[in-house]
Amino acid sequence: TLSISSLSPGPHSITATYSGNPNLTASPSNTVNQVVDEAPVFTSAASTTFTAASVGTFSVAATGYPSAMTFTEMGALPSSVSLSSSGMLSGTPVPGSGGVYVIKITAGNGILPNATQTFTLTVRDFTISASPKSQIISSGHVAVFKISLASVNGLTGNVAMTCSGTPPNSTCTISPNTVMLNGTTSTTVNLNASMALNHGTFTLTFTATMGTISRSTQVSLTVK
């Protein structure tokens with residue numbers, strides 16, 4: 001009787017040789033082929049972090065036998081991020097998609113039970129807002145707006161500010177026009193509407209840019 005207590009996952013060729021009696025010639029047995037299957041087990045981390053407007057990649061991995069794995073996911077991811085059947089999580093989160101996404105990943109190799117993992121994708125980003133959302137001024141006066149920035153999931157860096165859509169013959173000044181974002185910060189917009197300005201309502205766009213991330217917000221200015 002041949003007893004084998006443990007074999008590692010995978011294919012094995014087993015041969016028994018009798019050598020317990022010196023009066024008998026030792027001879028090997030026929031080869032027995034044995035395959036040890038193993039259900040999937042995740043070996044990769046259960047979380048990763050991407051940054052908005054930048055390409056992110058993460059390789060999901062699992063062991064088992066057969067070693068060829070198929071991965072699927074359930075749950076909401078940013079629209080431009082996906083998980084391939086080979087386990088590659090990749091994509092470029094669009095600005096505005098900052099947040100925390102919790103999904104369930106399943107790994108299968110044909111041996112039950114499949115492995116499941118609760119996986120967290122964190123997307124770093126920042127938000128922009130302006131106040132007030134609308135103003136009414138007379139020609140020759142100055143409209144003042146406050147722009148507020150807030151990091152999402154710990155994003156930090158220098159942010160450059162610009163304005164567009166201003167009335168003709170007006171001057172838009174942002175002070176400071178570059179700010180360091182590390183949590184929350186703000187800057188001030190002064191729009192000087194000259195006396196030569198035609199009356200009307202204008203949509204102003206304030207844009208904040210950090211690296212490849214660009215976020216905008218709009219306000220309404222009426223000059224009477």
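Strand β7 (residues 56–59) and strand β11 pair in the antiparallel sense, over four bridges. In the bridge pattern, S59 has M88 of β11 as its partner. Strands here are DSSP runs of E, at least two residues long, numbered from the N terminus, and two strands count as paired if DSSP finds at least two bridges between them.

Before going on, the ground rules. This is a predicted model, in which local features need pLDDT of at least 70 and side-chain atom pairs count only at pLDDT 80 or more, while totals for chains, interfaces and linings use all residues. Residues are numbered from 1 along each chain as its sequence is written, and side-chain values use heavy atoms, with hydrogens and water left out.

Back to β11, which covers residues 88–91. Strand β10 (residues 81–83) also pairs with β11, antiparallel, over three bridges. Here V81 stands opposite G91. β10 and β11 form a hairpin with four residues between them, and G87 in the turn has a positive phi of about 100°. In a regular strand the side chains alternate between the two faces of the sheet. For β11, L89 and G91 make up the covered face, and M88 and S90 the uncovered one.

Buried is under 20% relative accessible area, exposed is over 50%, and partly exposed is in between, with a 1.4 Å probe and protein chains only.

What does F71 touch, leaving aside its neighbours within four places in sequence? Its contacts include F42, V60, L83, G87 and I105, where contact means heavy atoms within 4.5 Å.

That brings in the rings. The structure holds three aromatic pairs; rings of Phe, Tyr and Trp (its six-membered ring) pair if their centres lie within 6.5 Å, and planes under 30 degrees apart count as stacked, over 60 as edge-to-face and the rest as tilted. One of the pairs is F42 with F71, with centres 6.3 Å apart and planes at 50°, so it is tilted. F42 lies in strand β5 (residues 38–42) and F71 in strand β9 (residues 70–74), so this pair ties together parts 29 residues apart in sequence. F42 counts as buried at 16% relative accessibility, and F71 counts as buried at 5%.

Another pair is F58 with F119: centres 5.3 Å apart, planes at 45°, so again tilted. F58 lies in β7 and F119 in β13, so the parts tied together are 61 residues apart in sequence. Both F58 and F119 are buried.

How many salt bridges does the structure hold? One, counting a side-chain nitrogen of Lys or Arg within 4 Å of a carboxyl oxygen of Asp or Glu. The side chains involved are those of D125 and R215, at 3.8 Å, N to O. D125 lies in β13 (residues 115–131) and R215 in β21 (residues 213–223), so the pair ties together parts 90 residues apart in sequence. D125 and R215 are buried.

Finally, the sheet that holds β21. This open sheet of five strands has the order β14-β21-β20-β16-β18, with mixed pairing. Five bridges join β16 (residues 156–164) to β18, and the two run antiparallel. N158 stands opposite M180 in β18.
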